[in-house]
Amino acid sequence: MPRHVIQRWSLLFSIALAAGCGDGSSVPFEPQELQCTISESEIFRAQVPDGIPALTDPRLVLPGDPGTEAFRDVDRVVGVVRGDEALAVPLNIFWWHEIVNVDLGGERISITHCPLTGSSIGFDRSGFPAVDFGVSGLLYRNNLVMYDRSGSTDTLWPQMSLGARCGAGAGSPLPTVSVVEMTYGAWVTLHPDTRVVSTSTGHDRIYEHWAYPYGSYDSPDNSELLFPLFGGIDPRRPPKERVLGVRAGSGGIAYPFGALAELGSKAVVQGSAGGQEHVVFWDEEAQGALAFHTHADGQPLTFAVSDDRIVDLETGSTWGLHGIAIEGAMEGRRLEPISDAFVAFWFAWPRFFPDIEIWES
């Protein structure tokens, strides 16, 4: 990072904490020269820039290769498919790095996860060719704020705001790419040729599940947050329950994992957000909820669960959790994932999308 950028950021951060998202100290953000389109009183500093080191072009390996020994089948991963390439980033990696900048399927993308809001979102960096996203050390509503560690622009991107909110680019959107969350074992079953971000990151971290650095923070009923949340926590669902949200403007539809599990080990839910129809596939064993458009090759489809299989009623074809038909007349056809759908803890959804509605079984 150029010296002038380091000097500017040193004005914004006066504390350096151990790796992690802070110790709960409520230290307000001092914007200095960076003008924001969001409430600056809700921005707190928890780290120096790159105190949590983002990964750029990390080592990618196949399942079972050296560098994957720390990952259990039940551990969660963020998965992405671009073209014919599949990639899994275990949350074990994200606890310590939060951002992975990578070229996949010929596209420049960033896969991100904030442990404090439980939010996993993918972004298309192709419109920002010089930008290398890093962890700023700032938190907005307890959510990761990204910055450009290449120094090419003085801009801040709160992850769940889905765009630039402070600095030179404030107000510009950051396009999303579809990512999903599920267990490592389920992802590898669906994508046996997937690559995985290796634990050989060049950083001295412990990536085993028992080294989760936030204690009981992610327990669904745990209402404790590390930094203030103005407006408080919406009590309609457990604060740290994982929720798949299908976003539409300032709202959308929230699908709580707990409500989906009430439907059984497998379930499908037809819904609509912003006038656009979608279908959600749920698999309890995979602990995954994925949202898709309801057309394949231009044909509208209706889905149901029959004999523990996801099928479409028009052709009787069987569909996998990944939205690919695995048997029947539609075999090999794909449903298009909804890029504006992602998983986050419940408490964060109403704070970023105040008009969101909760789906109920």
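**A chat about a predicted model**

Colleague: Which helix does phenylalanine 94 lie in?

Modeller: Phenylalanine 94 lies in helix H2, which covers residues 91-97, and please keep in mind that this is a predicted model.

Colleague: Is phenylalanine 94 buried or exposed there?

Modeller: Phenylalanine 94 counts as buried, because its relative accessibility is 0% and the cut-off for buried is under 20%.

Colleague: And which residues does phenylalanine 94 touch?

Modeller: Leaving aside residues up to four places away in sequence, phenylalanine 94 touches Val78, Val89, Ile99, Val100, Ile111, Thr112, His113 and Pro115.

Colleague: What separates the C-alpha atoms of phenylalanine 94 and arginine 242?

Modeller: Those two C-alpha atoms are separated by 16 Å, while phenylalanine 94 and arginine 242 are 148 residues apart along the chain.

Colleague: Changing topic to cysteines, how many disulfides does a search of the whole structure find?

Modeller: The search of the whole structure finds one disulfide, and it is formed by cysteine 36 and cysteine 166, whose sulfur atoms are 2.1 Å apart.

Colleague: Where in the chain are cysteine 36 and cysteine 166?

Modeller: The pair links distant parts of the chain, 130 residues apart: cysteine 36 is in the loop between helix H1 (3-12) and strand S1 (43-45), whereas cysteine 166 is in strand S12, residues 166-167.

Colleague: What about the handedness of the link between cysteine 36 and cysteine 166?

Modeller: That link is right-handed, with 110 degrees about the S-S bond.

Colleague: Now the backbone: what is phi of leucine 162?

Modeller: Phi of leucine 162 is near 60 degrees, which is a positive value in a residue other than glycine. Most residues other than glycine have a negative phi.

Colleague: Where is leucine 162 found, then?

Modeller: Leucine 162 is in the loop between strand S11 (155-158) and S12, and at 8% relative accessibility leucine 162 counts as buried.

Colleague: And what is phi of aspartate 307?

Modeller: Aspartate 307 has a phi near 55 degrees, again a positive value in a residue other than glycine, and its place is in the loop between strand S23 (303-306) and strand S24 (309-312).

Colleague: Is aspartate 307 buried or exposed?

Modeller: Aspartate 307 counts as exposed, because its relative accessibility is 68% and the cut-off for exposed is over 50%.

Note on methods:
Residues are numbered from 1 along each chain as its sequence is written. This is a predicted model: local features need pLDDT of at least 70, side-chain atom pairs count only at pLDDT 80 or more; totals for chains, interfaces and linings use all residues. Side-chain values use heavy atoms; hydrogens and water are left out. A disulfide is a pair of cysteine sulfur atoms within 2.5 Å. Helices (H or I, at least four residues) and strands (E, at least two) are DSSP runs, numbered from the N terminus. Buried means under 20% relative accessible area, exposed over 50%, partly exposed in between (1.4 Å probe, protein chains only). Contact means heavy atoms within 4.5 Å.
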